[in-house]
Amino acid sequence: MEETGGREPVLDAKSEVTSQLIDFQWKLGMAVSSDSCRSLKYPYVAVMLKVADHSGQVKNKSFEMTIPQFQNFYRQFKEIAAVIETV
């Protein structure tokens, strides 16, 4: 992937894949309050990935997505699945 000046990275189909997905876990959470807000009621999806680099070293990566971000992520995976079915 290459960076495009602050925009989302562009996938370069010629670039070499350097990591392998070992495990994928997720959970739905709800932030209910913080030190600056007593009532957030903010749902999110937390994702935990375990990936192995080219040398075999395993690393954990994690990130959170808002519900709209997760819905977009889900739509993209549905598109991938549809393309794979045609191969």
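The model is predicted, so local features need pLDDT of at least 70 and side-chain atom pairs count only at pLDDT 80 or more, while totals for chains, interfaces and linings use all residues. Residues are numbered from 1 along each chain as its sequence is written, and side-chain values use heavy atoms, leaving out hydrogens and water. The chain holds 1 helix and 5 strands. From the N terminus on, the order is β-β-β-β-β-α.

**Overall picture**

- Helices (H or I, at least four residues) and strands (E, at least two) are DSSP runs, numbered from the N terminus.
- The chain has 87 residues, and 11% of them are buried. Buried means under 20% relative accessible area, exposed means over 50%, and partly exposed lies in between (1.4 Å probe, protein chains only).
- The chain exposes about 7700 Å². Carbon and sulfur atoms supply 55% of that area. Accessible areas come from the Shrake-Rupley method with a 1.4 Å probe; for residues, only the protein chains shown count as cover.
- Take the contacts between residues at least 6 apart in sequence: 27% of them join residues at least 24 apart. Contact means heavy atoms within 4.5 Å.

- Strand S4 (residues 42-53) pairs with strand S5 (residues 58-66) in the antiparallel sense, over 9 bridges. Two strands pair if DSSP finds at least two bridges between them.
- Tyrosine 44 has threonine 66 in S5 as its bridge partner.
- The two strands, S4 and S5, form a hairpin with 4 residues between them. Glycine 56 sits in the turn and has a positive phi of about 95 degrees.

**Leucine 49 and its contacts**

- Leucine 49 belongs to strand S4.
- Leaving aside residues up to four places away in sequence, leucine 49 touches Leu21, Asp23, Phe24, Lys59, Asn60, Lys61 and Phe63.
- Leucine 49 and isoleucine 22 are 27 residues apart in sequence. In space they are 7.6 Å apart, C-alpha to C-alpha.

**A nonpolar surface patch**

- Leu21, Phe24, Trp26 and Leu28 make a nonpolar surface patch of about 470 Å².
- Like charges are joined within 9 Å, and nonpolar side chains (Val, Leu, Ile, Met, Phe, Trp, Tyr) within 5 Å.
- Phenylalanine 24 lies in strand S3 (residues 19-31). Its relative accessible area is 38%, so phenylalanine 24 is partly exposed.

**Aromatic rings in the helix**

- The whole structure has 2 aromatic pairs. Rings of Phe, Tyr and Trp (its six-membered ring) pair if their centres lie within 6.5 Å; planes under 30 degrees apart count as stacked, over 60 as edge-to-face and the rest as tilted.
- Phenylalanine 70 and phenylalanine 73 have ring centres 6.4 Å apart and planes at 35 degrees, so this pair is tilted. Both lie in helix H1 (residues 67-85), 3 residues apart, about one turn of the helix.
- Phenylalanine 73 and phenylalanine 77 also form a tilted pair, 4.8 Å centre to centre with 55 degrees between the planes. These two residues are 4 apart in H1, about one turn of the helix.
- Ring pairs link Phe70, Phe73 and Phe77 into a cluster.
- Phenylalanine 70 is partly exposed at 30% relative accessible area. Phenylalanine 73 is partly exposed at 25%, and phenylalanine 77 is partly exposed at 47%.

Definitions and conventions:
Patch = residues over 30% accessible without salt bridge, like charges linked within 9 Å, V, L, I, M, F, W, Y side chains within 5 Å. Salt bridge = Lys/Arg side-chain N within 4 Å of Asp/Glu carboxyl O.
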